[in-house]
Amino acid sequence: MSALQLGSAMDKTLLKGLMVLETVSQLEGRANTLDDIAEACGLARSNTHRTLQTLAHAGYMVRDKKTGRYRCTLKMFEIGARQLSNMDVRAYAPAQMRSLAQKTGETVHLSVLDGVDVVYIDKIDSPQPIRAYSAIGGRAPAYAVATGKALLAFQPTDYLSHYRSQLHSHTPTTRATEAVLQQELAEVARVGYAINRGEWRDGIGGVAVPIFSGLERPVAALGISGPLDRLTSVKMAECVPLLLEAAEAISRQLGYTGPYFPAQSA
């Protein structure tokens with residue numbers, strides 16, 4: 001449906017402008033002269049010319065003086081990028097977090113990366129009497145928890161090297177050397193989920209997956225955690241598909257359109 005078909009009560013001039021803008025963006029790389037655009041929009045040549053001049057004046061369009069062809073500027077991208085940056089993952093995650101908490105019976109975390117730490121920006125506590133302790137606003141070493149590893153796996157390859165001096169063992173199972181971590185993170189990036197086997201706190205583990213924005217960047221991680229005698233390898237494997245499904249749903253709401261990971265067992 002074209003913009004002009006949206007209703008007679010709407011501002012037809014504005015709708016024409018939006019339709020021309022969308023048309024030119026779709027014609028990028030192909031013929032997009034005044035006549036091409038007028039024909040594609042079904043508008044009179046004079047009407048199309050006035051609309052293009054207005055869009056050019058507002059900075060959304062430029063015309064090549066040699067070829068006479070029009071193209072969109074980056075102004076649309078700038079607006080879209082600002083909108084994406086304003087989309088707070090916390091606005092879209094709660095429903096999925098509640099569902100995960102109900103299905104798994106474990107503590108659910110939503111974390112973001114800050115240097116070599118993760119910061120917990122939201123959580124739902126497990127109803128179990130013994131649970132993983134954490135607090136909203138609290139920090140943990142990213143390389144030693146599942147949500148952190150889920151985010152580190154999608155950073156530039158040299159990211160960890162900037163924090164080499166800050167890698168320390170916290171329990172006997174902590175993987176605190178860059179080479180070992182890089183190997184693990186490569187596997188996390190391949191399968192789409194990360195596991196913590198008591199690497200931050202003895203006896204406490206977790207499994208987590210990344211959340212992506214519309215710019216195809218990892219913006220947060222969604223994970224569950226609990227005592228390893230309850231959150232066993234078998235239970236983690238059962239929870240991976242649930243986590244992937246929830247994180248993908250949040251990512252789609254944030255505008256992510258790329259491929260997501262298949263639900264695999266841990």
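Predicted model: local features only at pLDDT ≥ 70, side-chain atom pairs only at ≥ 80, totals over all residues.

Mentor: Gladly; let's begin with strand pairing.

Trainee: How many bridges join β3 to β4?

Mentor: Seven, again in an antiparallel pairing. Leu-110 stands opposite Asp-122 in β4. In the hairpin of β3 and β4, two residues lie between the strands, and Gly-115 takes a positive phi near 70°.

Trainee: Why is β4 called mostly covered?

Mentor: Six of its eight residues are buried. Buried means under 20% relative accessible area, exposed over 50%, and partly exposed in between, using a 1.4 Å probe and protein chains only.

Trainee: What makes Pro-172 buried or exposed?

Mentor: Its relative accessibility is 77%, so Pro-172 counts as exposed. Pro-172 sits in the loop between α6 (146-152) and α7 (178-191).

Trainee: Which strands are the edges of the open sheet?

Mentor: The sheet has six strands in the order β5-β4-β3-β8-β7-β6, with antiparallel pairing. The edges are β5 (139-141) and β6 (194-201), each of which pairs on one side only. β6 pairs with β7 (residues 204-212) over five bridges, and the bridge partner of Ala-194 in β7 is Ala-208.

Trainee: Why is α2 called roughly perpendicular to α3?

Mentor: Helix α2 (residues 34-41) and helix α3 (residues 45-57) pack at about 110°, with axes 9 Å apart. That angle makes α2 roughly perpendicular to α3: the label covers 65 to 115 degrees, with under 35 roughly parallel, over 145 roughly antiparallel and the rest oblique. Axes are lines fitted to C-alpha atoms, for helices over the stretch in contact, and angles run from 0 to 180 degrees between N-to-C directions.

Trainee: Which residues make the contact of α2 and α3?

Mentor: Leu-34, Asp-35, Ile-37 and Ala-38 of α2 meet Arg-45, Thr-48, His-49 and Leu-52 of α3, where contact means heavy atoms within 4.5 Å.

Trainee: How do you know what kind of pair Phe-212 and Tyr-256 form?

Mentor: Rings of Phe, Tyr and Trp (its six-membered ring) pair if their centres lie within 6.5 Å; planes under 30 degrees apart are stacked, over 60 edge-to-face and the rest tilted. For Phe-212 and Tyr-256 the centres are 5.3 Å apart and the planes at 25°, so the pair is stacked. Phe-212 lies in β7 and Tyr-256 in the segment after α8 (233-253), so the pair ties together parts 44 residues apart in sequence. Both are buried.

Trainee: What are the values for Tyr-260 and Phe-261?

Mentor: Their centres are 5.2 Å apart with 70° between the planes, an edge-to-face pair. Phe-154, Phe-212, Tyr-256, Tyr-260 and Phe-261 form one aromatic cluster.

Definitions and conventions
Residues numbered from 1 in each chain as written. Heavy atoms only, no water. Helix = DSSP H or I, 4+ residues; strand = E, 2+ residues; numbered from the N terminus. Pairing = 2+ DSSP bridges.
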